[in-house]
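Subject: Structure handover

Hi,

Here is the structure I promised to pass on. Please open it alongside this note.

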Amino acid sequence: MMSLLLDYQYFPITKPGKGAGGKTGSWRVIKPVIDLSKCIGCKACFMFCPESTIVPKGGKVTVDYEYCKGCGVCSNVCPVKAISMVSET
Amino acid sequence: MIRKIISGNEAVATAVKLARVGLTGIYPITPQTSIIEKLAEMKAQGEIQTEIVRVESEHSAMAATYGAALAGIRAFTATASQGLLYMHEMVWWVAGSRVPVVMVVGTRAVGAPWNIWNEHTDFTSERDSGWIMAFASNPQEALDLTIQAFRISEDERVFLPVMVGMDGFILSHTKTNVLIPDQEQIDDYLPPRRQPYVIDPEDPVEIGNMFPPEGYMKLRESIHLALKNSEDIIRQHGREYNKKVSPMIDYSTLNSSYRLEDADYAVVLMGAWAGDAMEAIDVLREKGIKIGMLRVRYLRPWSEKEIKENLEGKKGVLVVDRSTSFGRGGPLYIEVKSTIQDTEVKDIVTGLGGVTVGKNDMIYLFSKFVEGIKEDVTWYYPKEVGKLDIRTPRDIE
Ligand code: SF4
Ligand code: SF4
C-alpha cells in the first residue's frame, strides 16, 4: 500500500476484524456447545461454519457466540458428534 | 509514429496494446465487439500479453476487470448500451472502491424498443457513478483519450476509473487516418501502474464492506473532491501527451472550441457530429453570422471554469443533445444551463436511435436558433416521421 499524503483521499478499505454490523443480537434460539473431550480437532466445523465463528484454538475449537447464528451446520458436519445444539430459550 | 487507416474500434484496441494492459474482461455487444475481436486477434498473433477473460455477461466483464484491477493489474473493458446498463452495479462498485480502471463505451441507444444505432443516452446515464467521463469525436481522439485515461486514472490525486465514450458505428466502424504513437513514446508517457491498495494474501484488507453513515459519507465526499481535482490533472496530462506523444490535437483543455472567440452565438455538443457542426458554422460565418462551437470532451469532471470562460456573455447558447433526460432537457443542456445562469440557453434533442443529423440539418438548426426559437426543449426530426404503425393491445372482452 502506498502512502498517500493527500488529505481528501480516503479509500473504502478496512483491516479484517470484528465488526459491529454482523452481531447476532438476541434472536438466536439454539447454540452449539462443543464437548471438547470428544473433539478430535479435525476443523470440519471451522471449514463449514458460514459465519466464520468457529475459532481454532490449541488443536481444538471454540465458538464465538457474539456472532454465531445458531444454524447448526457445525453440529451436522462434526464426524464425532462433538457438537450438540442446545436450546437457549 | 506511423499513420494507418483504421476504425475507432481498432484505434481503441491499439491504445489498449500501447498501454500494456494486463487484463481485459470481455463480453461482446454491438457496436463495441470489434474492439475485443481486434484484441483477441493481437493476442493470437502474440502482439500483446494481455490476459483476455471471456465471461458470461457485461456484469461479469466489469467484475473480472475490477478484480484484476484490485490485484494491481492494468485492466480494461469495453461495452455499449444494454451492456453498460447490465454492468451498472459494477460500474458503481469500481468507482466506490477508488480503483483505476479504463472502459470504452461505443455509445448506442437503449431499449425498449430494440435499437442498435448511435446516441449518447447509455453514456450519459452513468453520469453520477463517480467515473471520469471523456468523449471522443474521431478515432484519433478515441486512441489518445484511452491512453490518457490510464494516466489520469492511476494518478494518486485521482484514483478513479475513467470511461471514454465514442459514437457507435459513426466512430467505432468508420475508418480514418490515425496517427499511431510508438511504444517507446507511450512507455515514456505512461509510467507503471500505481494504485492505492491491492488485494494481498500476506496483508489482507476488506474492500467496500459495511461502513457506518458518517464514514460512508466521508468516502463519498472523497470521490467528489478527487473528481473535482482531476480537472487540472487532466489538463496537465493532456499537455504532457502533447509534448511526449503528439501535438496534433490540443489536449491542454477539457473541452475543445471552434471559431468561438469572436462569436456572438455558441453551440455546445459532444461527439462525432462536431465535424458536421464545424462545417455548418463555416457556412453560417460566410453569411455573416458570428457563431462558434464548444465541444464537450469531458462530461465529468465538468469544467465550470472553461464553460463560463467560453460561453458567458454570448447572445445565446444552443445545446444539441444526442441523449435524453426524460421530462427535462438533454443532459448536456441541464449542465450548461446550470453553469451559465445569465446567458440564454436553448436545447435541441436530436439524433436519437441513429437518426442522421448532418451538416444541412445543423445549418437549419443553428440559423433557426439565431433567428430565435421560443420553446425551451425542441425535439428535432430531420425527416418527416410517418404515422407510427405501432399496435395497441386489443380490448379484453
Ligand atoms: S451454529 Fe452455525 S454459526 Fe454457529 S458456530 Fe455452528 S455453524 Fe457457525
Ligand atoms: S468438527 Fe467436531 S471434531 Fe472436528 S474440530 Fe469441530 S468439533 Fe472438533
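This is a predicted model: local features need pLDDT of at least 70, side-chain atom pairs count only at pLDDT 80 or more; totals for chains, interfaces and linings use all residues.

Ligand site. Ligand 1 has 15 residues around it. Those that come nearest are A:Cys49, A:Cys68, A:Cys71, A:Gly72 and A:Cys74. The shell is made up of 10 nonpolar, 3 polar and 2 charged residues.

Largest pocket. Its volume is about 650 Å³. The lining counts 28 residues, and B:Glu119, B:Thr121, B:Thr324, B:Phe326 and B:Leu352 are the closest to the centre. Two helices of chain B, H6 (121-124) and H12 (331-339), each give at least two residues to this lining. By class, the lining of the largest pocket splits into 15 nonpolar, 10 polar and 3 charged residues.

Second largest pocket. Here the volume is about 400 Å³. There are 16 lining residues. Nearest the centre lie B:Ile223, B:His224, B:Leu227, B:Lys228 and B:Arg300. Chain B helices H9 (213-244) and H11 (304-311) each contribute at least two residues to the lining. H9(B) provides the largest share, with 6 residues.

Which classes make up the lining of the second largest pocket? The count is 8 charged, 5 nonpolar and 3 polar residues.

Best wishes

Technical notes:
Residues are numbered from 1 along each chain as its sequence is written. Chains are lettered from A and ligands numbered from 1 in the order in which they are written. Side-chain values use heavy atoms; hydrogens and water are left out. A residue is near a molecule or strand if one of its heavy atoms lies within 4 Å of it. Ala, Val, Leu, Ile, Met, Phe, Trp, Tyr, Cys and Pro count as nonpolar, Asp, Glu, Lys and Arg as charged, and the others, Gly among them, as polar. On a 1 Å grid over the protein atoms alone, a cavity is a set of points where a 1.4 Å probe fits but cannot get out, and a pocket is an open set with protein on both sides within 12 Å along at least five of seven lines; lining residues have an atom within 4 Å of a point. Grid points are joined across faces, edges and corners, and a volume is the space filled by probe spheres set on the points. Helices (H or I, at least four residues) and strands (E, at least two) are DSSP runs, numbered from the N terminus.
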